[in-house]
Amino acid sequence: MKDETTQNIREENAVVPISALGWVRWFWRQLTTMRVALQLLFLLAVASIPGSVFPQRTQSAMKVNQYISQNPETSIWLDRLGMFDVYGSFWFSAIYLLLMISLVGCILPRMKIHAKAIVSPPPNAPRYLKKFEFSQSFATKGDVDSTFKKISEIKTHLKQNRWRVIDGEYFISAEKGYLRETGNLVFHLAVVFILLAVAFGSTYGYRGQVILREGTSFSNVLSQYDSFTPGRLFKSENLVPFNVKLEKMAVTFEQTGEDSAKATDFGATLKFRENASEEYSEKTIGVNSPLDIGNSSMFLLGWGYAPHLIVRDASGATVFDDVVVFLPQDANFTSTGVIKIPDMQPQLGIQGIFAPTGIVTSDLGPHSMYPDLVNPMIFASFWQGDLGLDSGVPQNIYTLDKTELKQVGLHDLKPGETWELKNGTGSVEFVSVKKFATFNIASDPGQNWALLGAILAIFGIIGSLYIQRRRLWIRVVNDEGQTEVVVAAISRHEDVDLSEVVQEITTECEKLVNVAK
Amino acid sequence: MAINETFAQYSNIFVYGSMAAYTFAMFAFATAFAQGRDKENNPQNGRKSGNIAMSLSWLGTILLGIGVLLRGLSASRVPWGNMYEFSITGTFGVMFVLLVYSLKRDVRWFGLFIILPALLSLGLAVTVLYTESAQLIPALKSYWLLIHVSAAVVSAGMFAIGGVLTILQLLVEKEERRIAEGNPPSRLQAITSRVPDSKALDLLSYKVHAFVFPLWTFTVVAGAIWARSAWGRYWGWDPKETWAFVTWVGYAAYLHARITVGWKGNRAAYIALVAFLTFIFNYFFVNFFFAGLHVYSGK
C-alpha cells in the first residue's frame, strides 16, 4: 500500500538499526509495507490449506481419532504442529494477527492522507500540459484572455459531471473519483472488522447438538445437550431456557430407481416457547429454514428411525418402554442401535439392526433396500449376563460390551410382534416405528456484525475497483503568437478510458471558442 | 415434482448439438488464427474464416442455451444443482459474455483460446460429470441457490477468461523479451504474432480480474449466508470454503501485486495464474477427493 514510499523504506532498511527502539521501528516499517502485506496474504492462503487435507477436531473429532489410530507415528508430530486444529493453531493465529496489524498500519496513515485530500481543493495545473501522455490541444482565433473567458464556461459542464473544479491564471484544474480511495479504505477496514466479528462470535457463542425423538422435548440447559462446544468466554447463564418439543418428523421420498429413493424434503414440526409462562407456538423447520429462539438458532441437521420397544420381565412387569434411536448406516437407512436393560434378572442387552424395508441376502445379511417404511423390521440379537454398567467406566450407549454377556437368541421382529426370551425370563415387543431428528443449536453473537462487515467490504471493493480517480487540466497558452487550448488528464492507476475523457472535454471546449482551422 | 424425461432427453441432444457446432467453430477459429498473421498490414487476413467461426459460435451458444433451459425445465428449477449442470451453465455463460463483447470489439483472435476450454468443459460435463436430471437434495432447496450459484457460475467464466489472457500474456512477454535481447523469434511466434502485445493483454486481464473480484467476494459472502441457514454456521472451514478463501486471497494478492513496485507485469501474472489454479482445484478436485458438506455438487 505504500508503493510510492517503497524506495525510501528500502534506503532506510539498508541502515542496520542499533537501539531497541530502532528495531521496533524497523519491524513496524517492514510490517506495514505492501511487500510484507502481500507475503502475509500468501502465507495465510497456504496456511489454510492443511485444514482441508487433514481431518479437523472442530468438524469431526471422530475422524481425527480415526486418522490418529491409523497413522500413530506421524500423527504425534502432526498433532504437535496443530494440523488437526489448523484454524485455532498458534501459527495460523499469528499470521492473521500480523496481517491485521499490517493492514491497520497501512490504513491509518492513508486515512489521514485521504481525509486531507478530501477537504483540500485540486492542485494547480502544471505549466506544460503537452508533455502528458493523455493530452490534446487545438488553436483558437482569439487572444489568451478572451479565449480563457469563453473556456471558463466549461466549469459548469465539469461540475455537472461531479468534477471538483478550481481555476487560476489561464488554467482550470479539476479532480474526481475520491470515492475510489474511500472505497479502498472502507474495504480494508471492513476486512479487519469481519475478523474481529468472527473472533467475538466464537469467543462468546456456543454450539451444541441434540437428538430428539418424536414426542420428546428439550430444555435449553447444558445437561440436555448430547454434545456442546462453548466459546472460550461463554457462560452457561447466557443460555436462554427455552423449551422445544418435536411433534413430528416428516420426510418425503422421491423414487430415483426401481429400489432406491432419495429424501427430497424433510421437516421437523416443533412446539416451542421461550419461557414457562408463554403459550407454545408451532413451526416446521427444514434444512434451509432454522428456528430463531432466544439468542440462539435451531437447525435441522438430519433424521433417522427410532423403534418403540417394550420389554417385560419374567413376571410380565414392564421394565423398559421407550423409543430408541437407531443410527442410520447407509442411504437406505439400514440403522443400528443398542438397548440395555439392567433392571432384569439376568441383565438383558439387545443389539439390533433396523431396516425400514427389511430383507436378508446371503452377501449383505440383513439390511434395508429402501429408505421408506415398506416392510419395517428389527433384526435383533439378544444377550444376557452382566452389562458391565456397574464398573464405573462410562459406556457408549450405542455399543454393547459383550465380555460378560452370552448370546441367547437371534430373531427378527415386525411391528406388533413379540419375542419370548428363553426359559421364560421375559419378552420383547416391537410396538411401532417413530422417527428422530438431530438438531444443531448455536448462538453466534458476532454473526450480524460479520455480515455488516461483508456488505461494507463488497461496496468498498466495488468503489475501489470501478471508480476512477482522475485529474484534469485545461490551460490556455500563447505558443509563439498562436493561442492554444491544451487539455490533459492523469490518473493514479491504470485508466483505460482516460484518452476518451480528454477527447470528450476537448470537444466540449471546442464548442465554446472559435477554432482556428 | 416429477422429472420431465422428454425435456431432459432433448436437453442432452441440444448440448451435444452445441458441442458439434463448437467443434466446427474451433476449426474455423484455428483457420482464422493461422491466416491472421501480419494483422496490422493486412487486416482482412483470416476475416472470412473468423466470420464463419463467430456464426458457428452463435449457433452453438444458442443450442447450448436451449439445452440449459430444457434441463432446468425438466426438473422445474434453476439448472445448477450438480456439477454437470454447473458446467453446461458456466460454459454457456462464458460463451455468451464473449459473444456479447464481440458485438463491440473484434475478439476473433481470442475465440480459439476460449472455444478450446469451452469444449473441454462440455466434454468433461457429458462424460465424467453427467448425472440424470433429478430433484434437488433438501440442502439445495433455497433461493440462495439462485444467488450464490449464479454468481459462482459467472465468476467461474470470468476466471477462465482471465486465466487464458494471463497465459497468453506470459507467452507474449517471453517472446518480446527474447526479441528485445536480439535473439531470433522462437516457435512461440506462431501464437504471439497473432495476438495483442503483452501490455495490452496485461491490461485486458487486469480489467477482467478487477471486474470479477467483487463478484467472487459476493459469491463467498452469499455462500456464507446460505451456509448459516443450511448448516447452522456461516463459516466452518469446510474444504470447499477453505479453497474458496484461498482463491479469494490469491486474486486479492494479484490485485495488490499490480500496484506494488517490483511485482508488476510477469510476477503479478503468475499470481493470477496460481489463483486460477486454486479455483480449478476447488471446482474439480475438492468435490471428489475431500469429504465435505459440498458433496452434492459432485456425482
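Please keep in mind that this is a predicted model. I begin with helices H3 and H4 of chain B, whose crossing is left-handed. On the H3(B) side the contact is made by B:Tyr84, B:Ser87, B:Ile88, B:Gly90, B:Thr91, B:Val94, B:Met95 and B:Leu98, and on the H4(B) side by B:Ile114, B:Ala118, B:Ser121, B:Leu122, B:Leu124 and B:Ala125. Sorted by class, the residues of this contact comprise 10 nonpolar and 4 polar ones, with no charged residue among them.

As for the geometry, the axes of H3(B), residues 83–104, and H4(B), residues 108–127, come within 9 Å and cross at roughly 165°. Angles over 145 degrees count as roughly antiparallel, and the two helices are therefore roughly antiparallel to each other.

Let me turn to helix H2 of chain B, which covers residues 47–74. Just after H2(B), B:Ser76 takes a positive phi of about 50°.

Finally, the partner chain: 40 residues of chain B are in contact with 43 residues of chain A. Helix H7 (198–231) and helix H8 (239–258) of chain B each supply at least two residues of the side that touches chain A, and H7(B) gives the most, with 13 residues. By class, that side of chain B has 26 nonpolar, 10 polar and 4 charged residues.

Note on methods:
Residues are numbered from 1 along each chain as its sequence is written. Chains are lettered from A and ligands numbered from 1 in the order in which they are written. This is a predicted model: local features need pLDDT of at least 70, side-chain atom pairs count only at pLDDT 80 or more; totals for chains, interfaces and linings use all residues. Axes are lines fitted to C-alpha atoms, for helices over the stretch in contact, and angles run from 0 to 180 degrees between N-to-C directions. Helices (H or I, at least four residues) and strands (E, at least two) are DSSP runs, numbered from the N terminus. Angles under 35 degrees count as roughly parallel, over 145 as roughly antiparallel, 65 to 115 as roughly perpendicular and the rest as oblique. A crossing is left-handed if the near helix is turned anticlockwise from the far one by less than a right angle, and right-handed if clockwise. Two residues are in contact if their C-beta atoms, placed from the backbone, lie within 7 Å. Ala, Val, Leu, Ile, Met, Phe, Trp, Tyr, Cys and Pro count as nonpolar, Asp, Glu, Lys and Arg as charged, and the others, Gly among them, as polar. The expected span of a helix is 1.5 Å times one less than its number of residues.
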